Amino acid sequence: MLQMNKLCLKYGIKLLYPKGLTFNNGWLSGFVDRDGSIHFSEQSGQVFISITQKNKYLLEPLIQLYGGRIDICSFKTEAFKYIVYRKNELFNLIDNYFSKYPLRTKKSSRLHLIKQFYSVRISKNNKDINKLNEWILFKDKWEKYND
């Protein structure tokens with residue numbers, strides 16, 4: 001905002017301050033499209049929507065609005081990662097946010113596979129060949145859309 005104010009002063013433009021971030025705007029979709037990723041871990045059996053940024057303060061308001069947490073990516077580069085990984089938080093975002101503000105990149109294909117992930121995932125001890133085939137077909141579909 002300081003830089004924007006300097007620019008506005010230079011050109012005689014009145015600075016308009018932004019409205020606060022709310023759940024119901026499309027900002028998060030653009031942020032995920034630009035700086036985010038959608039992936040899953042077979043070990044944990046979870047899907048992750050994550051966004052990496054150097055500025056932790058840009059990520060902090062997201063926790064209150066959308067859930068999730070912030071982790072430190074690397075102490076060397078001082079990068080932070082906002083992660084949504086709980087099933088109920090993911091489903092809430094899919095049903096109540098991304099349905100209104102869809103992703104515009106190929107990441108939307110993975111977003112649409114998240115609910116299917118939870119219906120086809122299998123444990124390592126599962127010996128059901130049909131479930132295994134279903135899981136393999138799902139993984140092929142998921143990998144088709146690399147971030």
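This is a predicted model: local features need pLDDT of at least 70, side-chain atom pairs count only at pLDDT 80 or more; totals for chains, interfaces and linings use all residues.
Helix α1 spans residues 2-11. Of its ten residues, one is buried, so the helix lies largely in the open. Just after α1, G12 adopts a positive phi of about 70°.

L7 belongs to this helix and is partly exposed, its relative accessible area being 45%. Together with M4, Y11 and I13, L7 makes a nonpolar surface patch of about 430 Å². An α-helix has 3.6 residues a turn, so residues three or four places apart point the same way.

## The largest pocket

The largest pocket holds about 190 Å³ of space. Its lining draws on E42 and G45, on F117, on R121, I122, S123, K124 and N126, and on L132 and W135.

Rolling a probe the size of a water molecule over the atoms shows where empty space is left.

## R110 in helix α5

R110 is placed in helix α5, which covers residues 107-111. Is R110 buried or exposed? With a relative accessible area of 5%, R110 falls under the 20% cut-off and is therefore buried.

R110 and H39 are 71 residues apart along the chain, yet a separation of 8.0 Å lies between their C-alpha atoms.

Key:
Residues are numbered from 1 along each chain as its sequence is written. Side-chain values use heavy atoms; hydrogens and water are left out. Patches are made of residues with over 30% relative accessible area and no salt bridge: like charges are joined within 9 Å, nonpolar side chains (Val, Leu, Ile, Met, Phe, Trp, Tyr) within 5 Å. Accessible areas come from the Shrake-Rupley method with a 1.4 Å probe; for residues, only the protein chains shown count as cover. A salt bridge is a side-chain nitrogen of Lys or Arg within 4 Å of a carboxyl oxygen of Asp or Glu. Helices (H or I, at least four residues) and strands (E, at least two) are DSSP runs, numbered from the N terminus. Buried means under 20% relative accessible area, exposed over 50%, partly exposed in between (1.4 Å probe, protein chains only). On a 1 Å grid over the protein atoms alone, a cavity is a set of points where a 1.4 Å probe fits but cannot get out, and a pocket is an open set with protein on both sides within 12 Å along at least five of seven lines; lining residues have an atom within 4 Å of a point. Grid points are joined across faces, edges and corners, and a volume is the space filled by probe spheres set on the points.
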